[in-house]
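Subject: Structure handover, with pocket notes

Hi,

My notes follow below it.

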Amino acid sequence: MKRRVHSEEVKEAALERLSVRGVTIEGIAEIVFRMQAPYSKDLMMDHCVESVNAVLGKREIQHAILVGVELDMLAEQRKLSEPLQSIIESDEGLFGCDETLALGSVFGYGSIAVTTFGYLDKNKIGIIKKLDTKQDGPVHTFLDDLVASIAASASSRLAHRIRDEEEARERELTNQHAG
């Protein structure tokens with residue numbers, strides 16, 4: 001009989017994989033802060049951490065983390081067949097499966113998430129830059145893109161929340177003046 005995996009087990013495993021690979025929620029939240037601070041003078045790091053945690057609560061993100069990190073780890077252990085082993089190990093420039101996996105998880109957060117992901121993939125800021133190393137050492141072919149995906153999704157989520165809160169305040173002021 002096939003075992004049904006509880007969602008909490010999946011979430012814990014995904015968070016553990018990030019942690020083992022040196023990725024913290026705060027590290028991702030720092031990227032979110034850098035992306036959203038120019039648009040919100042009242043933005044606080046707590047808002048960014050909360051948004052990252054919310055994104056990490058989504059199964060699609062958790063599944064992508066588990067698949068991507070597993071492939072990175074197998075490449076480190078040289079357990080993949082050729083030519084996939086060399087492609088992932090070297091983070092081959094024309095290999096797009098890493099971006100495709102990561103990009104798939106941002107679609108639920110709208111066009112802001114998609115364009116932010118593209119920006120982060122190209123500019124490699126914060127922890128993404130540290131993960132995007134091609135020297136001998138850990139393989140992060142998938143992980144750097146997954147972190148960009150999480151940060152982009154959390155940024156988009158936060159941008160929409162900030163706008164919703166601004167509009168709610170405007171409605172409240174309008175209602176106060178009308179009454």
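Beyond its neighbours within four places in sequence, Ser-155 is in contact with Val-32, Met-35, Gln-36 and Thr-116 (contact: heavy atoms within 4.5 Å). This is a predicted model: local features need pLDDT of at least 70, side-chain atom pairs count only at pLDDT 80 or more, and totals for chains, interfaces and linings use all residues. Residues are numbered from 1 along each chain as its sequence is written, and side-chain values use heavy atoms, with hydrogens and water left out.

Ser-155 sits in helix H9, residues 143–178 (helices: DSSP runs of H or I, at least four residues, numbered from the N terminus). Ser-155 is buried, at 0% relative accessible area (buried: under 20%, 1.4 Å probe, protein chains only).

The largest pocket has a volume of about 300 Å³. Of its 13 lining residues, Met-35, Gln-36, Tyr-39, Ile-112 and Ala-159 are the closest to its centre. (Pocket: on a 1 Å grid over the protein atoms alone, an open set of points where a 1.4 Å probe fits, with protein on both sides within 12 Å along at least five of seven lines; lining residues have an atom within 4 Å of a point. Volume: the space filled by probe spheres set on the points, which are joined across faces, edges and corners.) H9 gives the most to this lining, with 5 residues.

The second largest pocket has a volume of about 230 Å³. Its lining includes Lys-41, Asp-42, Glu-165 and Arg-169. H9 supplies the largest share here too, 6 residues.

Best wishes

Terms used: Helix = DSSP H or I, 4+ residues; strand = E, 2+ residues; numbered from the N terminus. Buried < 20%, exposed > 50% of the residue type's maximum accessible area, 1.4 Å probe, protein only.
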